[in-house]
Amino acid sequence: MPDAPTPVATVRWRAHLGSDAPREPGLIHVRHAAEANVFACPLPSLGGDFDRESWRITGPLEQGHAEGWGYVAGRGMAFAALHIDDGEHIDRPEQIQQAAFDTYNQLFRLQRSLGLGQVQRIWHWLSNVTAGEGDDERYRRFCRGRAEALDGHDHGMPVLPPATLVSSHRRGLRMHALLADTAVVPIENPRQVSAYAYPRDYGERPPAFARGGRVQLGATSYLLISGTASIVGHESRHVGDVSAQAREALDNVRAVMRNADCWQADRDLGALECLKAYIRDPDHAGVVAEIAAAEAPGVPLALLHAPLCRPELLVEFEAQMPLP
Ligand code: 3EB
């Protein structure tokens, strides 16, 4: 008899989250249900197709909890999730800075124990993200704590991975991370200043993420594109105009694809496996969906309600594309 094939996804993660660990290999599929479960995305859905964003993971699977993070680990790969309620003390902004420092260091310790030394992709939901003045804004303080965690040695982000950071109506900080031990190939966007090189005006320490990255997750290699907004250079464009912001953001998605050497002019954005839009005002969902459908025809689109990390930003996209 030939060797049994490597187990492939048969079980939907979402069918198994909760008290029971998935016992078979399956797909990591994050629910978008605005619920308390740390493995879910805390944002309300505004409609669309959420089925495509899933990560194939081979078993045997182990579900556990360590360093404040819940995780499911398979062969060479894990998905980790955390939620802390920081109390949103706007008058004590050092608390969210400390929380960022702590949760990142906890993640790095979890990675060490799992032997998965590189964050492949990370998502953050930070409530009331733009509250607070100047350098004490929650987002800026968060960036400071994250940067300080990365000042340490031997951490789990030797290469900056693609990331998303948006707000949430659920108080505190939730994070999801995909972990593996393979190198991330970061991809920047020539239309934008790299976030890690943002000028001082945006905070004492810049955001630590790449605009996109080539990552290996199980058997599949992907181009993963970070949360991408209407920013050119380092400045927000088209203040007050959601349609123009959506188009500018999609041009930035294209620029990352082009820079990743997987651009197919004839397919354009149609080469994406799926697209997700974070939308500040639920009333804008229709127009954003229309623009995405026109520019990325046939690509499954998920719409979520989320305030974004600059007050003037109305829409942000993230995307994924499997690579040959
Ligand atoms: C930007 O381009 C928009 O701080 O991890 C997008 C993706 C953004 C990730 C992060 C922030 C982050 O600056 C904001």
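**Entry 1: the shell around the ligand**

I sorted the residues of the shell around the ligand by class and found 8 nonpolar, 3 polar and 3 charged. For these classes I count Ala, Val, Leu, Ile, Met, Phe, Trp, Tyr, Cys and Pro as nonpolar, Asp, Glu, Lys and Arg as charged, and the others, Gly among them, as polar. The model is predicted, so I note the limits: local features need pLDDT of at least 70, side-chain atom pairs count only at pLDDT 80 or more, and totals for chains, interfaces and linings use all residues. Residues are numbered from 1 along each chain as its sequence is written, and side-chain values use heavy atoms, with hydrogens and water left out.

I counted 14 residues around the ligand. A residue is near a molecule if one of its heavy atoms lies within 4 Å of it. The closest are Tyr-139, Arg-146, Tyr-198, Arg-211 and Cys-309.

Next I looked up which elements supply the shell. Helix H2 (138-151) and strand S9 (163-166) each supply at least two residues. S9 gives the most, with 3 residues. Helices (H or I, at least four residues) and strands (E, at least two) are DSSP runs, numbered from the N terminus.

I looked for pairs of N or O atoms within 3.5 Å. A polar side-chain atom of Arg-146 lies 2.7 Å from a ligand oxygen. For Tyr-198, the distance from a polar side-chain atom to an oxygen atom of the ligand is 2.8 Å. Arg-211 has a side-chain N or O atom 2.8 Å from an oxygen atom of the ligand. The ligand taken alone exposes 360 Å², and the protein buries 99% of that. These areas come from the Shrake-Rupley method with a 1.4 Å probe.

**Entry 2: the largest pocket**

Where does the ligand sit? The space it takes is the largest pocket. To sit there, more than half of its atoms must lie within 2 Å of the grid points. On a 1 Å grid over the protein atoms alone, a pocket is an open set with protein on both sides within 12 Å along at least five of seven lines, a cavity is a set of points where a 1.4 Å probe fits but cannot get out, and lining residues have an atom within 4 Å of a point.

The largest pocket holds about 370 Å³ of space. A volume is the space filled by probe spheres set on the points, which are joined across faces, edges and corners. I found 24 lining residues, with Tyr-139, Tyr-198, Ile-231, Cys-309 and Arg-310 nearest the centre. H2, S9 and strand S13 (220-229) give two or more residues each to this lining. By class, the lining has 12 nonpolar, 5 polar and 7 charged residues.

**Entry 3: cavities**

I found 3 cavities of 30 Å³ or more.

Technical notes: Polar contact = N/O pair within 3.5 Å; in protein donor to acceptor, adjacent residues only side chain to side chain.
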